[in-house]
Every structure is written in C-alpha cells, then in structure tokens.
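I set out to record what could be looked up in one structure. The entries below are kept in the order in which I worked.

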Amino acid sequence: MAELIAVSGDITKLHVDAIVNAANSSLLGGGGVDGAIHRAAGPELLDACRKLHGCATGDAKATPGFRLPARWVFHTVGPVWNGGGQGEEEKLASCYRRCLELAREHGVRSIAFPAISTGIYGFPSERAAKIAIQTVRDDIEGTGVERVEFVCFGEETRRIYDALLG
C-alpha cells in the first residue's frame, strides 16, 4: 500500500514525480494554486496547456513540469460547490481517479495533491478531504504510486487531513 501523508508547504517546490494543479477549465492559469504553478513552471507551461484545448470538470490532463522540480503537472478541474445536489462529490472523486490514471500512464511513483475545489470553488474542506483520501485509497492499487502527499494550505486544512489519515 502506498504511503499517504499530509504536508504543509508550497506544492511548486516539492520533489515528487507529479504535482496536481487545481485548474480552471481553460487550463490557461488563474489564481491560487493554479496561478502559483503557472508562475513557477514558466511560460512553457502556458504554451503546453494551450495545446490541450481545455479540460472538463472531473477530468485531468498532463503536461511536463518545465521549471518545476516535478517532472509532470496533472491539471484537473474540480467542481464548483453548489450545495451538493449537482454531482459535486462524484466529480471531485473523478479528479483524483483521473490523476491516478495519469500517474500509471506516466510511471509516476510520487504525487502531490492540493485540496482540490476547496478554495474559490467553495467545496467544504472536510467533505473534500474525505473524498480525496477515500478515492486515493480505493483507486491507488495497480498505479505504481508509492507516495501520495496531500499538500495543505493553512493549519485548519492540515488538521483535517492529519485526523482523517490517523
């Protein structure tokens, strides 16, 4: 079984095979984690993302990491929280599943996830963390991933992940 841990820090500085970008559907950069990843990776990332022609909610697409320590960036589009009655939980789980599929395809052994959809998209943090951890636990077998880092922005998010990972 892969090691699943919560860490605090800057996802753009992690020495893992792949980092996950909580992107918008255009994949052309934005605020939060998305903007930080685009700035750290350099302009080549934007050029690569333009060639992907966007991404649907719940899906993920891969680019090289360019100037990042990570070899790969998996761009995934999480759902906007609308109260939970519009398939938000399944779409969020799909983000994690698709990133694990990309990890298998690209030979990734270590991957770092941000708390997808919990920023401006408004997904409740604890509910999102439960989905993230359970989906990874359910779907990691056979991917070749040995280490998963859940990168927490802020102490409250870190406490949630630490408690759920026990």
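**Entry 1. Basis**

I note that the model is predicted, that local features need pLDDT of at least 70 and side-chain atom pairs pLDDT 80 or more, and that totals for chains, interfaces and linings use all residues. Residues are numbered from 1 along each chain as its sequence is written, and side-chain values use heavy atoms, with hydrogens and water left out.

**Entry 2. The sheet**

I took helices (H or I, at least four residues) and strands (E, at least two) as DSSP runs, numbered from the N terminus. Two strands pair if DSSP finds at least two bridges between them. In general, the strands of a sheet pair through backbone hydrogen bonds, either parallel or antiparallel.

I looked up the strand order and found an open sheet of six strands, β1-β6-β5-β2-β4-β3, with mixed pairing. Its edge strands, each pairing on one side only, are β1 (3–8) and β3 (60–64). From one strand to the next the twist averages 25 degrees; axes here are lines fitted to C-alpha atoms, for helices over the stretch in contact, and angles run from 0 to 180 degrees between N-to-C directions.

I then went through individual pairings. β1 and β6 are parallel and share six bridges; Leu 4 has Val 148 in β6 as its bridge partner. β5 and β6 also run parallel, joined by four bridges. β3 and β4 (residues 72–76) run antiparallel, with five bridges between them, and Ala 60 faces Thr 76 of β4.

**Entry 3. Helix α1**

I checked what α1 packs against. Helix α1 (residues 32–41) and helix α2 (residues 43–50) have axes that come within 5 Å and cross at roughly 115 degrees. With contact taken as heavy atoms within 4.5 Å, Ile 37, His 38 and Ala 41 of α1 meet Glu 44, Leu 45, Leu 46 and Cys 49 of α2. Five of the residues in this contact are nonpolar, one is polar and one is charged. In this count Ala, Val, Leu, Ile, Met, Phe, Trp, Tyr, Cys and Pro are nonpolar, Asp, Glu, Lys and Arg are charged, and the others, Gly among them, are polar. α1 also lies across β2 (18–22) and β4, at about 130 degrees to β2.

**Entry 4**

How many aromatic pairs does the structure hold? I found four. Rings of Phe, Tyr and Trp (its six-membered ring) pair if their centres lie within 6.5 Å; planes under 30 degrees apart count as stacked, over 60 as edge-to-face and the rest as tilted. The ring centres of Phe 113 and Phe 150 are 6.1 Å apart and the planes stand at 20 degrees, so this pair is stacked. Phe 113 belongs to β5 (residues 110–113) and Phe 150 to β6 (residues 147–152), so the pair ties together parts 37 residues apart in sequence. In the sheet, Phe 113 also has Phe 150 as its bridge partner. Tyr 96, Phe 113, Phe 150 and Tyr 161 form one aromatic cluster.

Phe 113 is buried at 0%, and Phe 150 is buried at 0%. In β6, five of the six residues are buried.

Beyond four places in sequence, the residues that Phe 150 touches include Ile 5, Val 7, Ala 132, Val 136 and Leu 165. Ile 5 is 145 residues from Phe 150 in sequence, yet their C-alpha atoms are 6.2 Å apart.

Thr 63 lies in β3 and is buried at 2% relative accessibility. Its side chain makes a polar contact of 2.9 Å with the side chain of His 75. Leaving aside neighbours within four places in sequence, Thr 63 has contacts that include Leu 45, Cys 49 and Trp 72.

Ser 117 sits in the loop between β5 and α4 (125–139) and is buried, at 6% relative accessible area. Its side chain reaches the backbone oxygen of Pro 79 at 2.8 Å. Outside four places in sequence, Ser 117 is in contact with Gly 78, Pro 79, Leu 92, Gly 122 and Phe 123.

Technical notes: Buried means under 20% relative accessible area, exposed over 50%, partly exposed in between (1.4 Å probe, protein chains only). A polar contact is a pair of N or O atoms within 3.5 Å; within protein, one must be able to donate a hydrogen and the other to accept it, and residues adjacent in sequence count only if both atoms are side-chain atoms.
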